[in-house]
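Good morning, and thank you for coming.

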2 protein chains.
Amino acid sequence: MQITKPTLLIDEQKVRQNIQTFVSKTNQSNIRFRPHFKTHQSHTIGNWFKESGVSAITVSSVDMANYFFNAGWRDITIAFPANIRQIDEINQLADQCNLGLLVESLDSISILAEEATSPLSVWVEIDQGYNRTGVQNEDELIQLVLSLENEALLNFTGLLTHAGHAYSAQSVHELKGIHQASIRDLKTKQDVLKTQGFKDCQLSIGDTPTCSVSDDFSGIDEIRPGSFVFYDLEQVSLGACSELNLAMGVACPVVAKYPKRSQIIIYGGAVHLSKEYQRTSSGKRSFGKVAIYSDHKWSNPLKSTYVSSISQEHGIIQTNTSILEQVRIGDILLILPVHACLTANLFNQYTTLTNVKFSKMQSFSP
Amino acid sequence: MQITKPTLLIDEQKVRQNIQTFVSKTNQSNIRFRPHFKTHQSHTIGNWFKESGVSAITVSSVDMANYFFNAGWRDITIAFPANIRQIDEINQLADQCNLGLLVESLDSISILAEEATSPLSVWVEIDQGYNRTGVQNEDELIQLVLSLENEALLNFTGLLTHAGHAYSAQSVHELKGIHQASIRDLKTKQDVLKTQGFKDCQLSIGDTPTCSVSDDFSGIDEIRPGSFVFYDLEQVSLGACSELNLAMGVACPVVAKYPKRSQIIIYGGAVHLSKEYQRTSSGKRSFGKVAIYSDHKWSNPLKSTYVSSISQEHGIIQTNTSILEQVRIGDILLILPVHACLTANLFNQYTTLTNVKFSKMQSFSP
């Protein structure tokens, strides 16, 4: 294939393998797999999930729910506080499929109750310490569930949480601990609700790191990880996967070389990779690792080589003499991103290693 | 206007005012104004420049050059190291307009020389300490210009620099110093080339901060700033503009409130704002300031209020009790971004305060 500019590449075999690992894991635990599709945002990759038997999905916006509804998905949870400004689209969707929404306050419930015209599956979001959105307090939780009881169209479905604080974990051991604590907390809250008479309360958890390192999901009804489909350097650092699982990268042309500074300049910057970074072992910012791309495959990440700085379209790769000698202007390097979701979001198209191209949702269409 | 989701808003009057300030400044100095269009990436905003008499532009990619060529621009510099992989498009463009390219090594010159089929305006990029791309050494510079002399289609046009290190300046005084040093350095190099017999050597500088605070451009042929069209919080911090010049923001629906934490949650995250941040006076990360949006205008930025954290679609606003009481779920807040170029890049459309919508270049089309 002729790569002329920054190109979002995926290794289809690895993507399918990553999907299959989670399909097997959830089948073994006999729980629902409701993968988060915000990572890939693509009908085609969605179909790969469908071929593996997946029928329920998670998305992060009403637009994304519409995009996947149009591809035939009929069981969709929007894992984001209900955006009341899009109530018309929400009602239209809820009229035609099982649409799940999140609530986390009496205010959002009363606004939804007023505006909903179709039945909605309503999850109460639980905040387990990530401090983003969700209910922390048990009394408040009971109040919310009680208030839902009075609303004919708002069907209380269960408790949902995203253990975003897992991304600060320092070890796999800590990740496993967060996972167990998360399940324990949800079960306790489920028990509290049972004593209040709410027998039907599903439990939904979902983040790639804890779900990747854990196999015990007893008591849980569904999981909603997303990033595992491609994995990324952040997940490698957390111990959620190995570099062999990385299934996506950005192919970038080399445009200049600075041997004195041991640097290579690529056409590939913040508008292709995003400004997400991680720290190297010596504390430097890294916007990605670097692999050699040739013959329809990419190499293992190059040692002591990383994207040390990016501006809008430029990327600066810090490397060593032997790599500098090997790489020429016009060559293609593959950048393994820190955060796959944000990188994929910047492109409108995927290209596989066998040169099949397919579109994704527009990065942010009007 | 009915805003239902994150929407890229511009204040047309302020944009036109920002353009006019630079048109007047360059007219007074009798230098060419070659604005960088990577910030707005829009035919419509390009036309506002055209109406002010601008006829030469800067872009950062071959795709962007094509996009603006299609809108009638015929004098375009691609201020990025020539990407030889796109030589076919480069040749097509150069055949139909005055196309400027950057070189910074003998390697890139020899590859270009081999592949070019139409005359190109070739600028040698000078690195004045930003350490990204460009030539630092005078002997090397002479070598490059000499080698261009042998190439019939590669017309040496002049020296071009981007004082990216200006973005680290701590004061307007320092910015002015960088500006003067930059011009001095280019003139010295121009003199060196003259003694070598190269009489025709234009000088091109371009960055928003130094060009905003300076009025003396004597000896310079053109300037290429870009961000000034919208300005942003980074430019305010540098002293390049005031908050009154900020002409762009992202309108975001409020989806949740957490009074105990003094936080408001908006639908607006990394895929709408980018992950560019700056530090507040107390050292906290800020992904943007916040204004009240109503009646087709936005307020001054709210005191002690900023976007303290973002994930893919969520934004967390840290604020105070009085703002929390004032703002309700479903309201629209306007986020003033840290880095306007990266924020605008994430959208495919602009909306003016008078509700006129127009498209921009696709964020990264295949």
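Let me begin with a definition: two residues are in contact if their C-beta atoms, placed from the backbone, lie within 7 Å. Please bear in mind also that this is a predicted model.

With that definition, consider B:S204, which is found in strand β8 of chain B, residues 202-205. Which residues does B:S204 touch, not counting residues up to four places away in sequence? They are B:W123, B:G158, B:L160, B:D221, B:E222 and B:R224. Is B:S204 buried or exposed? A residue counts as buried if 20 or more other C-beta atoms lie within 10 Å of its own; B:S204 has 26 such atoms within 10 Å, and is therefore buried. B:H162 is 42 residues away from B:S204 along the chain, yet their C-alpha atoms are separated by 8.6 Å.

I turn next to a helix of chain A, α7, which covers residues 172-195. At 1.5 Å a residue, its 24 residues should span 34 Å, and the end C-alpha atoms are 35 Å apart, which agrees. Among the buried residues of α7(A) are A:L175, A:I178, A:I183, A:L186 and A:L193, and also A:H179 and A:K189. The buried residues of this helix pack against β6, α6, β7, β8, α8 and α9 of chain A. Just after α7(A) comes A:G197, with a positive phi of about 100°.

Now to the nonpolar core. In soluble globular proteins, nonpolar side chains tend to be buried together. Here the largest nonpolar core has 236 residues, and A:L333 and B:L333 have the most contacts inside it. Beyond its neighbours within four places in sequence, A:L333 is in contact with residues including A:C252, A:V254, A:I266 and A:Y293.

Finally, the two chains together. In the interface, 53 residues of chain A are in contact with 51 residues of chain B. On the chain A side, the elements giving two or more residues include β4, α5, β10 and α12 of chain A. The residues of that side divide into 20 nonpolar, 21 polar and 12 charged.

How are the copies arranged? A rotation of 180°, with 0.0 Å of shift along its axis, superposes chain A on chain B with an RMSD of 0.0 Å. The two copies are thus related as by a two-fold rotation axis. The same surface serves both copies, since 96% of the contact residues of chain A recur in chain B. Of the residues of chain A, A:K275 comes closest to the axis, its C-alpha lying at 2.8 Å.

Thank you for your attention.

Conventions. Residues are numbered from 1 along each chain as its sequence is written. Chains are lettered from A and ligands numbered from 1 in the order in which they are written. This is a predicted model: local features need pLDDT of at least 70, side-chain atom pairs count only at pLDDT 80 or more; totals for chains, interfaces and linings use all residues. A nonpolar core is a set of buried Ala, Val, Leu, Ile, Met, Phe, Trp, Tyr and Cys residues joined through C-beta atoms within 7 Å. A residue is buried if 20 or more other C-beta atoms lie within 10 Å of its own, exposed if 12 or fewer, and partly exposed in between; C-beta atoms are placed from the backbone. Helices (H or I, at least four residues) and strands (E, at least two) are DSSP runs, numbered from the N terminus. Ala, Val, Leu, Ile, Met, Phe, Trp, Tyr, Cys and Pro count as nonpolar, Asp, Glu, Lys and Arg as charged, and the others, Gly among them, as polar. Copies are superposed by least squares on the C-alpha atoms of residues with pLDDT of at least 70 in both. The expected span of a helix is 1.5 Å times one less than its number of residues.
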